Amino acid sequence: MAEKGITVKKNENFSEWYTQVIQKAELADYTGVSGCIVFRPYYYAVWEKIMDLVNARIKKYSVKNAYFPLFIPESLLIKEEEHVEGFAPEVAWVTHAGKTKLNEKLAIRPTSEAIMYDSFSKWIRSWRDLPLKINQWSNVVRWEFKHPVPFLRTREFLFNEGHTVFATEKESLKEQDWVIEMYRYICEDYLGIYSMIGRKTEKEKFAGAVFSVSLEHFMPNGKAIQGPIFHHDGQKFAKAYDVTFLNKNEKKEYAWQNTWAISSRMLGVLIYSHGDDKGLVLPPKVAPNKCVLVPILIKGKEKNVLKKCKDLNRNLKKFDCIFDDSDYSAGWKFNQWEMKGVPVRIEVGPKDVEKKQVVLVRRDTGEKLFVKESEMVKKIEELLLDIQNNLYKRSKKMALDNMVDVKDTKELKKAIKDKKLAKAFWCGDQGCEEMMKDQTGGAKILNMPLNQPKKFGKCVYCGKDGKHLAYIAKSY
RNA sequence: GGGGCCAUUGUCCAGCUUGGUUAAGAUUCCAGGUUUGGGACCUGGUGACCCCGGUUCAAAUCCGGGUGGCCCCA
């Protein structure tokens, strides 16, 4: 058991609140290495759920899991110029084994394109070997110098990296649809987090990609954060790593590639999105335990209550219900499990046993319901569904309520200052993009929604004809 | 990239300005008792000065460096 509860309010001291939730709900812990955290069992279970969801989906599309080495020889890493430029400043290197200096230093993978595509080039000979669809669950290291935030910005993090290779550009482009839909489904339908889907700008796209499509999430503190992402690599990596095949006409061609990922950062986005002054709030679909059963033990009447709870608990197995018969006080347990975000609490006391009823308390609203024993399971199922929907609805409302259309720099600056998410037209010029960032104190174009309007207004910065509708906000 | 704040037990925190007793308290944890419808209570117990170096008869306290955490600005 942890010590006492959250002592600050979410909207008064956001970062302190976040730190407390993470530590007191036993989600993560700090270590001696800056930016590297422990994913504790209760919360790692949520990551496992995300892995399950991805694994189930990619199977449908014939993607196979594999595992490539953690170390990437320098000579491999530097083959794709833009790629290495993008990652060079934050690559951690292994230079020694014991006291012996290595002939070639080894990068700890910041991502696995280099090491995987080197293999791909050996494996792929003819058009018959394509498409090749490989996914890897891995940890990567990006040694950032901005100060770390558990889950959101850690130097080591976990992700899936899907790496697919196609014979034609058309096939490779088509893959975007199901990959983005998979990530949308996980973020929105499971994690309950509203997602803005769109294309990244040239400036913000993945180092080495032709284009990137991201899911962006707006957080209650006025900052946005990039979620899962799909990159279309075109033939850029194929050319750098010699990923070629003989086509049906016996001609050598470069292959077309994609990369896509969802990372453990989502675990932080989840806390930010749904957490409240009492702690974590978990959407039922990803909660390791969907309910907790708390007996109310009054002296002399414990026996009946405990017996009743044991009976009821048999019907609660499918919810992975926690039966908390520890000797902490009832109030203590209430607070403890609320802090850990368990979606539904079931209370059973002597009065309830008499009346053949149970008390259900939902975590998202705190609402108490008195229901007949016989209807308990059905009612819990309903509640879980409703909580799941409600959390997504809240998240969506929060994002939409904070969106502001802005027409000029003045409006943009005000929107960003007010911690809003700005929607603006943009001419597509990188100079304008950079100036926007300067003028707003760091807000950037998150992405440009896939569904662009038919008509465009003027560029929010230069006033020339707009070519894109863009989401702009401060971002992690 | 620039600036600032901070580090004492599992957690929170006092002591530091002005160096000197057994490093105080709360909470957690352990044992026993008592209690339980929103963080009850009693008794006893375990448990700490981030690391390296310097100044000094003497360092949690002063100085330098490191490591880690947090905040603000770009």
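In the predicted model, RNA strand B is surrounded by 37 residues, of which G5, S15, S34, G331 and G349 are the closest. Four secondary-structure elements, namely α1 (14-24), α10 (330-339), α11 (350-355) and β18 (357-362), each provide at least two residues of the surface near RNA strand B. The greatest contribution to this surface comes from α10, which supplies eight residues. Classified by residue type, the surface near RNA strand B comprises 16 nonpolar, 13 polar and eight charged residues.

The largest nonpolar core contains 102 residues, and the most contacts inside this core are made by I186, C291, L293, I472 and A473. When neighbours within four places in sequence are left aside, the contacts of C291 are L316, F319, C321, V342, P343, V344, R345, I346 and I380. Another core, of 26 residues, lies apart from the largest one and has L76, A107, A238 and W256 among its members.

Y194 is located in the loop that connects α6 (169-190) with β9 (196-199). This residue counts as buried because 21 C-beta neighbours lie inside 10 Å, the threshold being 20 or more. Excluding residues up to four places away in sequence, Y194 touches E188, H217, Y392, S395, K396 and A399. The C-alpha atoms of Y194 and R184 are separated by 8.7 Å in space, the two residues being 10 residues apart in sequence.

Conventions:
Residues are numbered from 1 along each chain as its sequence is written. Chains are lettered from A and ligands numbered from 1 in the order in which they are written. This is a predicted model: local features need pLDDT of at least 70, side-chain atom pairs count only at pLDDT 80 or more; totals for chains, interfaces and linings use all residues. A nonpolar core is a set of buried Ala, Val, Leu, Ile, Met, Phe, Trp, Tyr and Cys residues joined through C-beta atoms within 7 Å. A residue is buried if 20 or more other C-beta atoms lie within 10 Å of its own, exposed if 12 or fewer, and partly exposed in between; C-beta atoms are placed from the backbone. Two residues are in contact if their C-beta atoms, placed from the backbone, lie within 7 Å. A residue is near a molecule or strand if its C-beta atom, placed from the backbone, lies within 6 Å of it. Ala, Val, Leu, Ile, Met, Phe, Trp, Tyr, Cys and Pro count as nonpolar, Asp, Glu, Lys and Arg as charged, and the others, Gly among them, as polar.
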